[in-house]
Amino acid sequence: MGFVAQPNIPVINMVDMKQKTGISDQVRHALEEYGCFLVVCDHVISEEEVNIKETFDSLKTLFDLPMETKVKNTSDKAYHGYVGQIPFLPLLESLGIEHATSVHGVKSFTNSMWPSGNHNFCKTIHSYAKLVSKIEETVRKMVFESYGVQKYHESFNESVTYLLRVMKYRPPIANETKMGSISHTDKSFISILSQHQVKGLEVKTKDNKWLPIDYPTPFSFLVMAGDAFKAWSNDRVHSPYHRVVMNGDECRYSIGLFTYHKGIISVPEELVDDEHLRKYKSFDHFGYLDFYDKDSLFEQEYSHIKSFCGVRVTY
Ligand SMILES: O=C(O)CCC(=O)C(=O)O
Ligand SMILES: [Fe+2]
């Protein structure tokens, strides 16, 4: 009476994802209702495989490099290189590692930051990206299965590329904004996020409540659907607004593995029928990223994916 239980982001155990039947439907349901879920991997990953503390320690070393080195992280794709010194987001600095699941991708980033090499950084980041990409692929495959369109998984998978973005948010000084990152939806297909010790990420529910994300264990990740997944699913999957709010006086480090498709994404015909009319035209995923960059409306909550490739309904 008088007590309304707060909705919570679903938590799924990776062991269950490997062993239990029916889990694909749970994963799909979480992505449809919340656009995200937490996956706990503690009993599946050994510290030899990926050492989370070492991974986050290596980020500190990276962000401590001089600014003139960090700005060498450039890319011809929007949001794939160094991002920082943004007047309305003074707390955030971020670097992008393209093709993060290939040794070559991580090596080329490492060499641009440390011209004489940094074997430990390269090894740690590559192991992290490989491991997290396996979780991502498992989730994507499960959702395709749950929708009965598993036949598209393999060809989709062949066109996937991974961007690893690493973020540092410093604590605000007096009178500064607490917003580490403004409310936005991801432009990826799937994003897998993790943080170390310092909280700050919040996700908006469909009924407009901000839920703080509490990672239950160090080996937990937040699996989140991006706009491309929402469009592919003909609006079944939700891509949630989220933001980072900095309280306290410690720096926050986080990592995101973002899945992009190197070509055209189309809604599977099986997901279109009389009750689910086609809502999106086929679209070029990186074209969407460029559109978002140029559209530059990212201060507002607004459906960029609808304005990029949404089917206009006329009555
Ligand atoms: O720092 C985080 O936990 C979230 C970052 C984020 O939302 C993004 O990079 O798109
Ligand atoms: Fe995001």
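Colleague: How do you know what confidence the predictor places in the protein and in the complex?

Modeller: The mean pLDDT of the protein is 93, on a scale that runs from 0 to 100, and 95% of the residues reach 70 or more. For the complex, the predictor gives an ipTM of 0.99 together with a pTM of 0.95. Where pLDDT is low, the predicted coordinates should not be read in detail.

Colleague: What makes E7 and E12 a pair of strands?

Modeller: Pairing requires at least two bridges between the strands, and E7 and E12 are joined by 5 bridges in the antiparallel sense, so they count as paired. One of the residues involved is Ser-191, whose bridge partner in E12 is Phe-258.

Colleague: Which sheet holds these two strands, and why are E1 and E3 called its edges?

Modeller: E7 and E12 belong to an open sheet of 8 strands, with mixed pairing and the order E1-E2-E10-E7-E12-E5-E4-E3. Strand E1 (11-13) and E3 each have a single partner strand, so one side of each is left without a neighbour in the sheet. From one strand to the next, the twist averages 25 degrees.

Colleague: What makes E3 and E4 partners, and how many residues lie between them?

Modeller: Strand E3 (residues 83-86) and strand E4 (residues 89-98) share 3 antiparallel bridges, and because at least two are required, they count as paired. They form a hairpin with 2 residues between them, and Ile-86 has Leu-89 in E4 as its bridge partner.

Colleague: Why are E6 and E9 regarded as the edges of the other sheet?

Modeller: That open sheet has 4 strands in the order E6-E11-E8-E9, paired in the antiparallel sense. Strand E6 (179-184) and strand E9 (210-212) each have a single partner strand, so each has one side without a neighbour in the sheet. Strand E8 (residues 201-204) is paired with E9 through 3 antiparallel bridges, and Lys-204 stands opposite Trp-210 in E9.

Colleague: What makes a residue part of the shell around ligand 1, and which strands supply at least two of its residues?

Modeller: The C-beta atom, placed from the backbone, has to lie within 6 Å of the ligand; among the residues around ligand 1 are Arg-165, Asp-186, His-242 and Gly-256. Strand E5 (160-169), strand E7 (190-195), strand E11 (242-245) and strand E12 (252-261) each supply at least two residues of the shell. The shell divides into 4 nonpolar, 5 polar and 2 charged residues.

Colleague: What does the UniProt record say about residues 159-262?

Modeller: The unreviewed UniProt entry annotates residues 159-262 as "domain: Fe2OG dioxygenase". In the model this span is 6% helix and 47% strand, and its end C-alpha atoms lie 5 Å apart.

Colleague: How do you know that the length of helix H6 is close to what is expected?

Modeller: Helix H6 (residues 119-146) has 28 residues and reaches 41 Å from its first C-alpha to its last, which is close to the 40 Å expected at 1.5 Å a residue. Just after H6, Gly-148 takes a positive phi of about 75 degrees.

Note on methods: Residues numbered from 1 in each chain as written. Chains lettered and ligands numbered in written order. Predicted model: local features only at pLDDT ≥ 70, side-chain atom pairs only at ≥ 80, totals over all residues. Nonpolar A, V, L, I, M, F, W, Y, C, P; charged D, E, K, R; others polar. UniProt positions renumbered as here; feature names shortened; annotations may be inferred. Expected span 1.5 Å × (residues − 1). Axes fitted to C-alpha atoms, helices over the stretch in contact; angles between N-to-C directions.
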